[in-house]
Amino acid sequence: MADTVAASGQGTRRSRRRGLLWHARRNPSMTLGLAILALVILGTVFASRLTHYDPILIDPLARLKPPSAAHALGTDVVGRDLWSRTIYGGRISLLIGITVALLTTSIGLLIGLVSGYNRTADAILMRIMDGLMSIPAILLAIAFMAFMPASIITVVAAISIVEIPRVVRLVRGVVLSIREQAYIEAAVISGSRVGRILIRHILPNTLAPLSVQATYVCAAAILFESLLSFLGAGTPPEIPSWGNIMAEGRTYFVLAPWIILAPGFMLSLTVLAINLLGDSLRDLLDPRFARRL
Amino acid sequence: MASASERSMSESEKPLLQVEKLVKRFPVRGGVLGRARAFVHAVDGVSFTLRAGETLGIVGESGCGKSTLARMIVGLIQPDTGMIRLRDRRVSGLSPRQMRPFRREIQFVFQDPYASLNPRLRAGTIVGEALENFAGLSGRELTDRVATLFARVGLHPAQMDKYPHEFSGGQRQRLGIARGLAVGPSLIVADEPVSALDVSVQAQVINLMMDLQQEFGLAYLFIAHDLAVVQHISHRVAVMYLGRIVELASQRSLFSAPLHPYTEALLNSVPLPDPATRSGTQVLAGEVPSPIRPPPGCHFHTRCPLAEARCRTEIPPMTETRPGHFVSCHVRAAANTSP
């Protein structure tokens, strides 16, 4: 009897794994997004193997050089190699994007679960979230940056504060609809306490929309970091990030447009790839699309 | 097919469940501030008792408060006034923490076997949840106990690893029953457990419930709108109309000699296969009045063929016209009470 149980369980798992591969093949935009993203991630992770220039080494003799054999993407105003700066800068951008996505979804999930399930907590938490959402995102982030020492952690915190309310609203909405289900009442009658009900019965329902939201947050965070850095309120200038490179290149745009173009192109490409991934993930997880897939 | 009332039943036992003057009103909110403008009188003073091992069937039309009554007894909602006692211990008006120990005793079988099973959990996990919570079982022990329950309700233990959508409606309701049975309750409240099922499957589930009652000495509060089902499974039957019990009697007494005009109308509305017996059928005129403004006096007077002047003002008390046969009707109580 135990063998039958094990066998039927394995069957379910196997078919699900095959399903995922099958979906990936049938979903070109997801495959494209994943491929671009994989290239960008590999490129930034192995940045030291892809260039022999130090991204912050100043070379006054090679200032504002256009792309050439020596410097594939040219140099900036103090002679730093732009290819080198772009791939190293990608590390910071991706790091911030992924960290913010993880941080925001986990904090947002926690607040959203509590807020959706407990009316008293909801009244307090949602007013705070409304307050945060009523301040323009860029002002809120700049204000936060102004009070904190400039560092990557501060940038991550500033962007997270802006993004958390959106995640909270999403999770809360799911919790509010699930908690009315009869199977939640059944769990109460089975003697399950709030913690078990939240984790076993409600949490799994939030994971699909949350993972889609995480990709959007990641893309938004990468853009936001660039925006903050471009405005001079983001990543400290000594650390290359796509936003920083563009901010420094802005003044010399007419003289040396390549400075701003390389990181700008990479930024667009990465955000596009993440959004492609998010869109196809949403289609994959949305039951309304299930029949088409 | 032996009728439930013919099974042995000791009359002298103390009641397992006592329900006294239970009232539940739901506010109807409106306007800008969402203040309660009116109340839906869902349950309006319901009292009854239930002995261990007994089945009390509760019948009534949709909206008569059957489900609200069931949900109050299992503690999903709290009554506004009135008292629910289980073996002389109060189980109404308790906090979730205080209610928890009683949940082992009172279990619930849901009407909808689809919505009441979490689609993301395996059947074995769903059935075993109460065992994890109350018996602290896990691992091998839990699996073995759940497998036994599966076998007992007529499911194959290998189906423990399946998800609810892989089961048929009848199998799902068996899962619901296994879940209710898991912690060894003394009372199972079943809110229309078979009304969502096909007729052939209904009989299987009803027979399963009756077998389990024999085996475990369960008491059932069986809510239904199908009179044939209630007649088959119940020892006693209560008829509800607009939040009140209008007649409460043994199954045999109620179905052979109904007293309340509403019960008569309900019994007459059951289609009979023999066209000859349909003579003298009376069909109720009009609609059930709104539970937001129930009629004064006897709630049934607006549709009652026997209504007198005092029916419009005075609520008829529950009167025992025959031993164990209670009716809430001025006219019929007066005509049938032996002095």
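The model is predicted. In it, 24 residues of chain A are in contact with 28 residues of chain B, and helix 9 is one of the elements that supply the touching side of chain A.

**The course of helix 9**

- At A:L203, helix 9 of chain A bends by about 50 degrees.
- Just after helix 9, A:G232 adopts a positive phi of about 80 degrees.

**Area of the interface**

- The size of an interface is often given as the accessible area lost when the parts come together.
- Between them, chain A and chain B bury about 2400 Å², and 52% of this area is on carbon and sulfur atoms.
- Of the area that chain A buries against chain B, 27% comes from A:I189, A:S190 and A:R200, more than from any other three residues.

**Polar and charged links**

- Three salt bridges are found across the interface of chain A and chain B.
- In a salt bridge, the side chain of A:E185 meets that of B:R71 at 2.5 Å, N to O.
- Between the two chains, 14 residue pairs are in polar contact.

**The side of chain A that touches chain B**

- Helix 1 (2–26), helix 8 (182–189) and helix 9 (194–230) each supply at least two residues of this side.
- By class, this side of chain A has nine nonpolar, nine polar and six charged residues.

Terms used:
Residues numbered from 1 in each chain as written. Chains lettered and ligands numbered in written order. Predicted model: local features only at pLDDT ≥ 70, side-chain atom pairs only at ≥ 80, totals over all residues. Heavy atoms only, no water. Contact = heavy atoms within 4.5 Å. Buried area = accessible area lost by both parts, 1.4 Å probe. Salt bridge = Lys/Arg side-chain N within 4 Å of Asp/Glu carboxyl O. Polar contact = N/O pair within 3.5 Å; in protein donor to acceptor, adjacent residues only side chain to side chain. Helix = DSSP H or I, 4+ residues; strand = E, 2+ residues; numbered from the N terminus. Nonpolar A, V, L, I, M, F, W, Y, C, P; charged D, E, K, R; others polar. Bend = angle between axes of the 7 residues up to and from the residue.
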